[in-house]
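Please open the structure in the viewer and keep the selection tool at hand.

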Amino acid sequence: MDAVRLILANRRALAGSGEAPAILTEVWQAQALAQAIGSRLAVSGPPELRGEALGLTELAGRGCGVLDTPDLDPEDLRAARLTELDDARQALLCLDALLGDAGIALVGVASSAADEGTYWQCMEAIDAADEARDRVREMVRKLAAREEAAPPEREAI
């Protein structure tokens, strides 16, 4: 499935999750998806993105690692369904929004956490999402610079 469709599905699921366990599951899904997209870009993306993409993979992996791994059926894991990344720029813009949504959702969970463990888990996940989002934004910036540097297309006469 295309990266943009998976990201949009994750955003809808995150927006629709009401209780803390469901929110944490969707944030974990978002981080796993960011990790998969970063991995894909690191291996086969534009050369100027590969370093940042590898960093995204590591940061998103940390984001998954600080959260309790949800009990998901393999077919429910969105990252495993990633098969296409046709438009890297659009995918990265959507991923930026998803990671922002995840950070906001984590703030809500942290502020109402009943225990200190959940609170600190959320704080570390917020940090990981924020750092991953910085990497995504840097990749978008590099893509824009690449497009600016490309010679203009010639019009057919």
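Select Arg137 in this predicted model: the residue is partly exposed, with a relative accessible area of 44%. Its side chain meets that of Asp96 in a salt bridge, with 3.1 Å from N to O. Because Arg137 lies in helix H5 and Asp96 in helix H4, the pair ties together parts that are 41 residues apart in sequence. Asp96 counts as buried, at 14% relative accessibility.

Next, select Arg146 and Glu48, which form a salt bridge with their closest N and O atoms 3.3 Å apart. Arg146 belongs to helix H5 (residues 116-149) and Glu48 to the loop between H2 and H3, so parts 98 residues apart in sequence are tied together. Arg146 is partly exposed at 41%, and Glu48 is partly exposed at 30%.

Proceed to Arg78 and Glu26, whose side chains meet in a salt bridge of 2.8 Å, N to O. Arg78 is in the loop between H3 and H4 and Glu26 in helix H2 (residues 20-44), 52 residues apart. Arg78 is buried, with a relative accessible area of 10%; Glu26 is buried as well, at 12%. Then display Glu52, Arg135 and Lys142, which are linked in a network of salt bridges. The count of salt bridges comes to 10.

Now turn to the cysteines by selecting Cys64 and Cys122. Cys64 is buried at 8% relative accessibility, and Cys122 is buried at 0%.

Finally, select Glu84, Asp86, Asp87, Glu147 and Glu148, which gather in a patch of negative charge on the surface.

Terms used
Residues are numbered from 1 along each chain as its sequence is written. This is a predicted model: local features need pLDDT of at least 70, side-chain atom pairs count only at pLDDT 80 or more; totals for chains, interfaces and linings use all residues. Side-chain values use heavy atoms; hydrogens and water are left out. Patches are made of residues with over 30% relative accessible area and no salt bridge: like charges are joined within 9 Å, nonpolar side chains (Val, Leu, Ile, Met, Phe, Trp, Tyr) within 5 Å. Accessible areas come from the Shrake-Rupley method with a 1.4 Å probe; for residues, only the protein chains shown count as cover. A salt bridge is a side-chain nitrogen of Lys or Arg within 4 Å of a carboxyl oxygen of Asp or Glu. Lys and Arg count as positive and Asp and Glu as negative; His and the chain ends are not counted. The place of a charge is taken as NZ of Lys, CZ of Arg, CG of Asp or CD of Glu. Buried means under 20% relative accessible area, exposed over 50%, partly exposed in between (1.4 Å probe, protein chains only). Helices (H or I, at least four residues) and strands (E, at least two) are DSSP runs, numbered from the N terminus.
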